[in-house]
Structure formats: C-alpha cells, structure tokens
Amino acid sequence: MSWGESMRHRPVGRTALAAAAAVLLGAGCTAQQTGARSQSPAAVTAPPPAPSVTRSTPAPDPTPTPAPSAGEEEERRTSAPPGTPTASAPPPPAPPGTPTASTPPSPAAPMMREGAQGERVRELQARLRQAGHFDLNPTGYYGPVTTASVSGFQKRRGLRADGQVTRATWSDLTARTRTPTRAELYPPTTRPVSDPDPRCLTGRALCISKESRTLARMIDGKVVSAMDVRFGSELTPTREGEFGVTFKSRDHHSTLYDTPMPYAMFFSGGQAVHYSADFAANGYNGASHGCVNVRDRKKIAALFEQVRVGEKVIVY
C-alpha cells in the first residue's frame, strides 16, 4: 500500500503531516543548492545531485581530432623530452624553423650566394676560373654569371646544384685548385685578354680585340698594359684593320657630337681611342659613335703619355 493510500484510510495528525512536509522541503533544497549545508538528517542521506552542467544545453564540440595510433603515441612518449605533455594535452608549438616529421631539415647555410661581394667572392671566381667554370676575370661581385658557374661546378662534382656556395662546395673547390696569385685576383681587365693578332707581335702596337673587348699595349709581343674597351654600335661601327696613330689630343672635344674626348689618340679619320665618362658610368649598356672607349681614366692617361704618334693600332 502506498503512502497516499495509507493516508486515505488512516487519520493522520497535523503533527505528522508537518514533519513529512519538512522532510520533502529539505530534500528539495539539497537538490537545487548543492553547496548549501542541510540542517535535516534526511538531507545527509539523500543521493548526491548531478552536476548542474548536465542540466544545461551543452555547447557544440569542436571538430574532433583523431586519436593517435599506438605506434604514434609510443613515438611521442619516447622522443619527447622530460616534462613534455602527452596523450591528454598536445605538445607546445616548436620554435620557428624546427624540423618536424613532415618538414625536411633545411640545407646547410650558404657561405656565399648571389648578391655577395668582396675579397672572398673574388677568390671564388679566380678558383672557378682555374677549374674551367668561369670565363671572366674576377670582379668581386657575385652575380648571375657567378651563380651559373657555381651551379656548373656543383653538377660536375655531384653536389646540390643550387648556385650557392656551401662549406661542402667550398671544400671541394679548394681541394682541386690552388691559391690564386695577385695577378689572378686583380687582372687589369674584366674579360681575359684574347690571344693577340699576329700583327701585334712585333714592334709597338695597340692590340684591340672586339671579341674580348680589351685593349692591350704590346711591345715586341709582350703585354705591357691592358684595359676594358667598348666599340661603336651597328649604325656607327668601329673599323677593323691595321692603322697607325695619326695625332693625339689631351683635351679633345668632338664638334660633330658635341661631347668631350679626353686623351684622344686618333687612328682612322675621326675614330680614336679615348676616355669615356659614359662608359665609366654605364658600362656596356651603351656604345660609342665608332671610337674605342676606355672607362679607366688613370689607365688611359698613362697610356696617352706612353704612345707615340705612328705606333700601330690593330683592331680585330
């Protein structure tokens, strides 16, 4: 028989009803206020309430992360340093640049690469020239030509051909070359002087090569001095052949083109060997009106003092 049925068949005193109501009210406070201290013995024996969070609407969970396999978990435990959290908490982010399982370690930092300049670059170019991978004279600037030369050497030696000088590349190169001489490090011209024309091998001659873009003053087949030169454009080409210095003019000024021609040494009509400020400033990005331009003022000034009227001028 239930308590309700018992109450219908048996008279109950007001005192008993009041006591039962007190028990029910005490249990209700305990369920709603989990942190309150109950004064009734019945509240102590009541079952513990469920956490309040279970009665509220749960927030949507983030996208679940797949649990690591047993092998992955074991690798984390054995490879992580002491104190690194595992399983229940993800490891802290690694410092930038730290190699990971999916990121291969970066190659060795280069000693030299494109854009570098200085004495070490000059030595690099001289050694590459000895090894047959650089057909210019050292300039001390690491540009596209040097990058291509380094890459060619690396391919030949079975190294990573990225055109950058690592320690492995430098060690391989120095092992197969000798220490460059000062003349090799500081040649008088940007490009090597060409083999002289046979007409330059006797007497005094200004031997001017269009192929190497150099002028070499020769005396009895020996090079006395050399310098970079440039020539006329297709519309105003520099004439080729054997000529002689007809006259010299230290501070000459062209009336035809209204331009200065310092240290001019004429050899064929209005064509002369002379200093060019434009060549000094812009290099081979320009051209002359047919003359042989020199960009080193000190060298052309010294040459002007040494050359005599009547000396041979060979342009080939």
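The model is predicted, so local features need pLDDT of at least 70 and side-chain atom pairs count only at pLDDT 80 or more, while totals for chains, interfaces and linings use all residues. Residues are numbered from 1 along each chain as its sequence is written, and side-chain values use heavy atoms, with hydrogens and water left out.

## Overall build

The protein has ten helices and nine strands. Both are DSSP runs numbered from the N terminus: helices are H or I with at least four residues, strands are E with at least two. Of its 316 residues, 30% count as buried. Buried means under 20% relative accessible area, exposed means over 50%, and partly exposed lies in between (1.4 Å probe, protein chains only).

The accessible surface comes to about 20200 Å². Carbon and sulfur atoms hold 56% of that surface. Areas come from the Shrake-Rupley method with a 1.4 Å probe; for residues, only the protein chains shown count as cover. Among contacts between residues at least 6 apart in sequence, 52% join residues at least 24 apart. A contact means heavy atoms within 4.5 Å.

## The largest pocket

The largest pocket has a volume of about 480 Å³. On a 1 Å grid over the protein atoms alone, a pocket is an open set of points where a 1.4 Å probe fits, with protein on both sides within 12 Å along at least five of seven lines; lining residues have an atom within 4 Å of a point. Points are joined across faces, edges and corners, and the volume is the space filled by probe spheres set on them.

The lining has 26 residues. Tyr257, Thr259, Met261, His274 and His289 lie nearest the centre. β5 (247-254), β6 (259-268), β7 (271-275) and α9 (277-282) each supply at least two lining residues. β6 gives the largest share, five residues. By class, the lining has ten nonpolar, 13 polar and three charged residues. Here Ala, Val, Leu, Ile, Met, Phe, Trp, Tyr, Cys and Pro are nonpolar, Asp, Glu, Lys and Arg are charged, and the others, Gly among them, are polar.

## Salt bridges

Side chains of opposite charge can pair when their charged atoms come close. A salt bridge is a side-chain nitrogen of Lys or Arg within 4 Å of a carboxyl oxygen of Asp or Glu. The count comes to twelve. Three of these pairs are listed here.

| Pair | N to O distance |
|---|---|
| Asp172 and Arg157 | 3.3 Å |
| Glu311 and Arg217 | 3.1 Å |
| Arg295 and Asp228 | 2.8 Å |

Asp172 sits in helix α7 (residues 167-175) and Arg157 in helix α6 (residues 144-157), 15 residues apart. Asp172 is buried at 13% relative accessibility, whereas Arg157 is partly exposed at 33%. Arg157, Asp172 and Arg176 are linked in a network of salt bridges.

Glu311 lies in the loop between α10 (297-306) and β9 (312-315), and Arg217 in strand β2 (residues 214-219), 94 residues apart. Glu311 is buried at 5%. Arg217 is buried at 3%.

Arg295 lies in the loop between β8 (292-294) and α10, and Asp228 in strand β3 (residues 222-230), so the pair ties together parts 67 residues apart in sequence. Arg295 is partly exposed at 27%, and Asp228 is buried at 8%.

## Pro180

Pro180 lies in the loop between α7 and α8 (182-185). Pro180 is buried, at 9% relative accessibility. Not counting residues up to four places away in sequence, Pro180 touches Glu123, Ala126, Arg127, Gln130 and Leu185. The C-alpha atoms of Pro180 and Gln125 are separated by 9.7 Å, and these residues are 55 apart along the chain.
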